[in-house]
Amino acid sequence: MANPRILKQVDPDYSYLFSICTIVNNQDEYYEMVQSFEKCGFVDDCEYLIVDNSHTNAFDAYKAIAGFFKQALGRYLIIVHQDVRCLDTKVELIKCLQDLTTKDPKWALCGNAGGNGYHAKVFHINNDGIIMLNEDLPAKVNSLDENLLIINRATNLTISGDLTGFHLYGTDLCIIADILGYTSYVIPFMVNHLSEGNLEALKEHIPDFLYAYGKKLRSRYVETTCTRFYLSNTEFKNKVYNNVRVVFNIVKAVERFKWIIRIVKEGKKHKKIKVDRLSSRKGYQLFL
């Protein structure tokens, strides 16, 4: 008989405190970034991990970050653009993260620029000579700029597998963190970002992002082996659709109609197999 191990609640064993991860298409620019981080103390207890796109786009941002999650050995991931120059020190970042953990132990990621709804942008960044600051940080946000992202590995955060490209992955991570029950913040850690990004390419990426999340966040009828319910994107609909019998009967009628249409078009799939359980424990008698 197998001897099972008993699961224990233990802290993961990380080899480094920080994994500093970058998508590189310009080696000279990347080396300047590394030098700026090293001058700020990111040497001991740190590893540097790159995706080398200097000759061809071997990875887009979503695949690169998925790879960073799998291969990085640090307690925290610092996903940073190659055109960022570090200004604050490693000691200051550690203090920021300690303060953030005290404020909210459920934080999953943080950065230096983001938003939390209409006209609620928050910054702590030198953007190519333009310094933008907000008071009372850290501040909770629902999106983060990608120039600098710091990810708490203890939350087991992941990134979408159905998106591609080099834009909106900060927002994607924030949304996924929220779905998983975690939070995102802007913290007071200063870097100099030497560019404003490719806004035209960003516009081209938005329709794919909207389509992917329209599908993910769609309302749906759920039937498990034990129960059934209607899941929507609002608390009000969830209460009405599931607690008012007439409304739920209408939902079931609509789902049955869709099921009939699907059978007409595709035929009935996964038909039940008639099974007669044998008195002996050797198996089942099938009647096909």
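In this predicted model, the second largest pocket is lined by Tyr221, Glu223, Arg228, Lys252, Glu255, Arg256 and Trp259. Two elements, strand S14 (220-223) and helix H7 (245-266), each give two or more residues to that lining, and the largest share, four residues, comes from H7.

**Second largest pocket**
- The space in the second largest pocket amounts to about 290 Å³.
- By residue class, the lining of the second largest pocket holds five charged and two nonpolar residues, with no polar ones.

**Largest pocket**
- The largest pocket holds about 1,400 Å³ of space and is lined by 44 residues, of which His81, Asp145, Glu146, Glu196 and Gly197 lie nearest its centre.
- Strand S7 (residues 121-127) gives the most to the lining of the largest pocket, namely four residues.
- The lining of the largest pocket divides into 20 polar, 18 nonpolar and six charged residues.

**Aromatic pairs and cluster**
- The structure holds 10 aromatic pairs; one of them joins Tyr30 and Tyr31 in a tilted arrangement, at 6.0 Å centre to centre and with 50° between the planes.
- Tyr30 is buried, with a relative accessible area of 6%, whereas Tyr31 is partly exposed, with a relative accessible area of 48%.
- One aromatic cluster is formed by Phe18, Phe37, Phe42, Tyr76, Trp107 and Phe189.

**Charges over rings**
- Tyr76, a member of that aromatic cluster, has Arg75 over its face at 4.6 Å from the ring centre.
- Over the face of Tyr213 lies Lys216, at 4.3 Å from the ring centre.

Note on methods:
Residues numbered from 1 in each chain as written. Predicted model: local features only at pLDDT ≥ 70, side-chain atom pairs only at ≥ 80, totals over all residues. Heavy atoms only, no water. 1 Å grid on protein atoms, 1.4 Å probe; cavity = no way out; pocket = protein on both sides within 12 Å on 5 of 7 lines; lining within 4 Å. Points joined across faces, edges and corners; volume = space filled by probe spheres on them. Nonpolar A, V, L, I, M, F, W, Y, C, P; charged D, E, K, R; others polar. Phe/Tyr/Trp six-rings, centres within 6.5 Å; stacked < 30°, edge-to-face > 60°. Buried < 20%, exposed > 50% of the residue type's maximum accessible area, 1.4 Å probe, protein only. Lys NZ or Arg CZ within 6 Å of the ring centre and 35° of its normal.
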